[in-house]
Amino acid sequence: MNRLLLSFAFLLTAIPGTSYAHKVWLLPSQTVFSGPEPWLTVDAAVSNDLFYFNHFPLSLDNLVITTPDGTEAEAQNKSTGKYRSVFDLPLTQRGTYRLAIVNDGAFASWEENGERRRWRGSAAAIGTEVPADADNLRITESFGRIETFVTNGAPSQEALQPVGKGIELIPVTHPNDLYSGETATFRFLVNGQPQKDMEIVVIEGGTRYRNSQEELNVTTNEEGEFQITWAEPGMYWIETSHQDNETKIENATGRRMSYAGTFEVLPQ
């Protein structure tokens, strides 16, 4: 089951998304907490509607939780059902946590006995599982990040530091300091460098009960930055992707990267 889920996650995070395609997301029970040790619950799913678990669960195999002091924490009570995965986290530290599912791998396709074959897995497994002399062999590196942020007490910065791989959102405006009617500024990095002209989709949750996605489309500037003015409180989904030929995997023809994040906007 885990292998199937992981493969599905690779597929979704490898293909540049559109607002009408299946969406991958983490949904925290809330993003701002206060107390000695509050508990967070998170849903993880793939769906047509934001944020309704009505299609497929998202694998938690590659879940990484960064705590306010920069160390990693383990999720509690992880489980996967028919339509969603769930986990809990006790917020034992004060400050901001980064919760991310990070899929790092590759996919390949080739022709064999007149049929098209496809494979997905880790870059290290290519040498043993993909025939190097196959006809019309095509290998592509893939890297996907699906994340959200929560804060217990005062917001902090340590967990927000970039790791320098794939697409990363760097919050100029803190991700847990978002209010309706205000404008937030974020920056996208690709492998640690600001990336201009990235096309970004922003959609508020609750699409099941709207006739249209009502998406906002913005583009990063020279510094990789973009701005969003939040029309109303709620949970929002931000998605983007990037493709280039700067892969480090031998015989790969390119790399595809994707990002999807969930952000809570509070009322004034």
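Hi everyone, let me begin with a term: two strands pair if DSSP finds at least two bridges between them. Strands themselves are DSSP runs of E with at least two residues, numbered from the N terminus.

A quick note on what you are looking at. This is a predicted model, in which local features need pLDDT of at least 70 and side-chain atom pairs count only at pLDDT 80 or more, while totals for chains, interfaces and linings use all residues. Residues are numbered from 1 along each chain as its sequence is written, and side-chain values use heavy atoms, with hydrogens and water left out.

Let's start at strand β5, residues 63-66. On one side of our story, β5 runs antiparallel to β6 (residues 72-73), joined by 2 bridges. These two strands form a hairpin with 5 residues between them, and Gly70 in the turn has a positive phi of about 90 degrees. β5 is also antiparallel to β9, residues 95-112, with 4 bridges joining them. Now find Thr66: its bridge partner in β6 is Glu72, and its partner in β9 is Arg98.

Next, the inside. A nonpolar core here is a set of buried Ala, Val, Leu, Ile, Met, Phe, Trp, Tyr and Cys residues joined through side-chain atoms within 4.5 Å. Buried means under 20% relative accessible area, exposed means over 50%, and partly exposed is in between, using a 1.4 Å probe and protein chains only. The largest nonpolar core has 31 residues, and Ile65 is among those with the most contacts inside it. Strand β3 (39-47) is one of the elements giving two or more residues to this core, and β3 gives the most, with 5 residues. There is also a second, separate core of 23 residues, which includes Leu169 and Val218.

Which residues does Ile170 touch? Setting aside residues up to four places away in sequence, Ile170 touches Leu160, Pro162, Phe186, Arg187 and Leu189, where contact means heavy atoms within 4.5 Å. Ile170 counts as buried because its relative accessibility is 13%.

Finally, charges. A salt bridge is a side-chain nitrogen of Lys or Arg within 4 Å of a carboxyl oxygen of Asp or Glu, and by this rule there are 13. One of them joins Arg187 and Glu225, at 2.4 Å from N to O. That pair links distant parts of the chain, with Arg187 in β13 and Glu225 in β17, 38 residues apart. Elsewhere, salt bridges that share partners join Arg98, Arg145, Glu147 and Glu168 into one network.
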